[in-house]
Amino acid sequence: MSTNTQPPATHRAAPADLDAPVTAAPPQTPAPPKRRRRHVPEITYSVLVFLGLLVIWQLVVKIFDVSNILVPAPTAVVESLIDGFQDGSLVDNSIVTLKEILIGFGLAVGSALLSAVLITQFRTVERVLFPLLILTQTIPKVAMAPLLIVWFGIGISSKVLTVALIAFFPLLINAILGFRSAAHEQVEMLRSFGASRMQVMRHLQVPSALPHIFAGLEVAVILSVTGAVVAEFVGSSEGLGYLIQASNFTLDVARTFAVIVVLSAIGIALHAVVVQLGKWLVFWTATPDTTNEV
Amino acid sequence: MPTSTDTDVIRLDSLSMLYPTKSGGTVQALDDVSLSVRSGEFISIVGPSGCGKSTLLRIIMGLSRQTSGTVTFGSSEETHRNQLGMVFQQPLLLPWRTVRKNLMISPDLHHTRDAATLEKAESLLVMLGLEEFGDRYPNELSGGMQQRVGIGRALMHDPRILLMDEPFGALDAMTRDQMGLDLLEIWDQDRKTVLFVTHSIPEAVLLADRVVVMTPRPGRLADVVDVSLPRPRRLENINTPEFGEIVAHIRKLLDSEHSAH
């Protein structure tokens, strides 16, 4: 039967026939291969699946002779990427877009944190501003991009403002939640030691807000990339969004894909920076509970 | 009712506290509570939930303001916060600060961090049996250890009066007993005045010189029971007839007040 083809199963199936030391062995024998498998980082599988998909893509394009205008082969995209970096067009336009993203994102972070502090610290500010903020939050921010172009021109400022507008709200909402997340009991504890309002803010509310703020930053940084590209779509003369429109116009789909690859890389890199910074600053939420005895 | 002497460290004169409720009415949390606490006394305040025992501590601490009545500290009118240290039901440690830095909260807030306060923190770590854990973060500690840090934090500025609001309420029974005895040991070193709120009658009796019995709605002081058991106290004291009598007496006080309503 199958007992002959599966040696570990033989041991487990007939433990009664064997003496004690041998019956103890089977649970140990299957362990080493399992442990070896666990040592392979999960990312390896993701990479393999990704590469597999690329290969399938390449094969489908080649076998069915799909037009370059519809879907270019991965190799064509890579060629276009290399071309773009060699002639400098990808690099130059990346720098433009990155600049828009970083300035806009920075503006959003600064204004969102400041607003959150004002809203959580002053009742009147909260009463006046909060309903307005909730109301404006429902406006689809990308719909504002054409207006911003009209108001601030085709240059960098309209892009920066679109980015800032898109990144602002998730940051603000998370920061408000964060500044309010400190437990009332913790506030009283600090007050019992004579802490002033500023000290409660500094020693309690700001650190308690950090996990929430970083959750907001992670969302906002990705939205910033979207914001910059959308703003460039609406009206621009440089940047990666402009490059997509230009290559689409000339039916250079490989170049469009190449730009998307670069945009993804920018998004992934910025997100990784935020996540890493968060892990470094908000170290205490990562530490697991250990000891349980007194 | 209270007979005041020169050694009184806290005197409460007809304290009353009214809370407005959401439905527009009021709840009387405290009704005409008067009490004199002598220096170095260990006082337990016992009563069912809602009897205003926590409100009493909060008023003394200055976290709530009484509707009427007065709180007097000692003979002088010094700023009382420096004389008070408070331990809460939860440890309420700041998770981003190490155990040592949690102890240093009070010096950090008052900008008095120096060699002397750092040394004080070290000696507290030793006293609390936490010398190995100074650089650990709170979430690496057990509940009992966290509450030790909470007690140490209140002792950092060497207050004359320690206010404890059900400090062992969140701990399991065995840890709780041990913490009570450890607290007595700490208290015995320099005999601070302690006001210890609890809803456990045996715990109240085991620790205190006097047990203040409170009854709810409105929060009233039913009686103050003297506990003349010898010190140092041990867990075995619980099994003595004297201990049992005092516990039974307090329970009866609480029951009779309860049935009267």
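Helices here are DSSP runs of H or I with at least four residues, and strands are runs of E with at least two, both numbered from the N terminus. The model shown in every view is predicted.

**View 1. Chain A is built from helices.** Chain A holds 13 helices and zero strands. Read from the N terminus, its elements run α-α-α-α-α-α-α-α-α-α-α-α-α. Chain A has 294 residues, and 30% of them count as buried. Take the contacts in chain A between residues at least 6 apart in sequence: 72% of these join residues at least 24 apart.

**View 2. Helix 4 of chain A is hardly covered.** This helix spans residues 42-63, 22 residues in total. From first C-alpha to last it reaches 32 Å, close to the 32 Å expected at 1.5 Å a residue. The count of buried residues among its 22 residues is zero. A residue needs 20 or more other C-beta atoms within 10 Å of its own to count as buried. A:D65 follows helix 4 of chain A and has a positive phi, near 55°.

View 3. An unreviewed UniProt entry places the feature "domain: ABC transmembrane type-1" at residues 90-274 of chain A. Over residues 90-274 the chain is 86% helix and 0% strand. The end C-alpha atoms of this stretch are 24 Å apart. The UniProt annotation "transmembrane region", also from an unreviewed entry, covers residues 43-64, 101-120, 132-154, 160-183, 204-234 and 254-275 of chain A. Two of these stretches are described here.
- Residues 204-234 of chain A are 100% helix and 0% strand, with end C-alpha atoms 44 Å apart.
- Residues 254-275 of chain A are 100% helix and 0% strand, with end C-alpha atoms 31 Å apart.

**View 4. Six strands of chain B form an open sheet.** The strand order is 5-6-7-3-8-9, and the pairing is mixed. Strand 5 (84-87) and strand 9 (220-226) of chain B stand at the edges. Each has a single partner strand, so one side of each is left without a neighbour in the sheet. Neighbouring strands of this sheet are turned by 20° against each other on average, direction ignored. Helix 5 of chain B packs on the sheet, touching strand 5 and strand 6 (161-165) of chain B. The direction of helix 5 makes about 170° with that of strand 5 of chain B.

**View 5. Strand 3 of chain B is largely enclosed.** Five of the five residues of strand 3 (residues 42-46) of chain B are buried, so the rest of the structure largely encloses this strand. Both of its faces are covered. B:F42, B:S44 and B:V46 are buried on one side, and B:I43 and B:I45 on the other. Strand 3 pairs with strand 7 (residues 193-198) of chain B in the parallel sense over five bridges. Within this pair, B:S44 stands opposite B:F196, and B:I45 stands opposite B:V197. Strand 3 also pairs with strand 8 (residues 210-215) of chain B, in the parallel sense over four bridges. There, B:V46 stands opposite B:V213.

**View 6. Three strands of chain B form an antiparallel sheet.** This open sheet has the order 2-1-4, with antiparallel pairing. Strand 2 (26-38) and strand 4 (68-73) of chain B are the edge strands, and each pairs on one side only. The twist averages 15° from one strand to the next. Nine bridges join strand 1 (residues 8-20) of chain B to strand 2 of chain B. Across them, B:L15 has B:V33 of strand 2 as its bridge partner. Backbone hydrogen bonds are what pair the strands of a sheet, either parallel or antiparallel.

**View 7. Chain B touches chain A.** Here 23 residues of chain B are in contact with 20 residues of chain A. On the side of chain B that touches chain A, helix 3 (105-109), helix 5 (143-155) and helix 6 (173-190) of chain B each supply at least two residues. The largest share, three residues, comes from helix 3 of chain B. The residues on this side of chain B divide into 13 nonpolar, eight polar and two charged.

Technical notes: Residues numbered from 1 in each chain as written. Chains lettered and ligands numbered in written order. Predicted model: local features only at pLDDT ≥ 70, side-chain atom pairs only at ≥ 80, totals over all residues. Buried ≥ 20, exposed ≤ 12 C-beta atoms within 10 Å, placed from the backbone. Contact = placed C-beta atoms within 7 Å. Pairing = 2+ DSSP bridges. Nonpolar A, V, L, I, M, F, W, Y, C, P; charged D, E, K, R; others polar. UniProt positions renumbered as here; feature names shortened; annotations may be inferred. Axes fitted to C-alpha atoms, helices over the stretch in contact; angles between N-to-C directions. Expected span 1.5 Å × (residues − 1).
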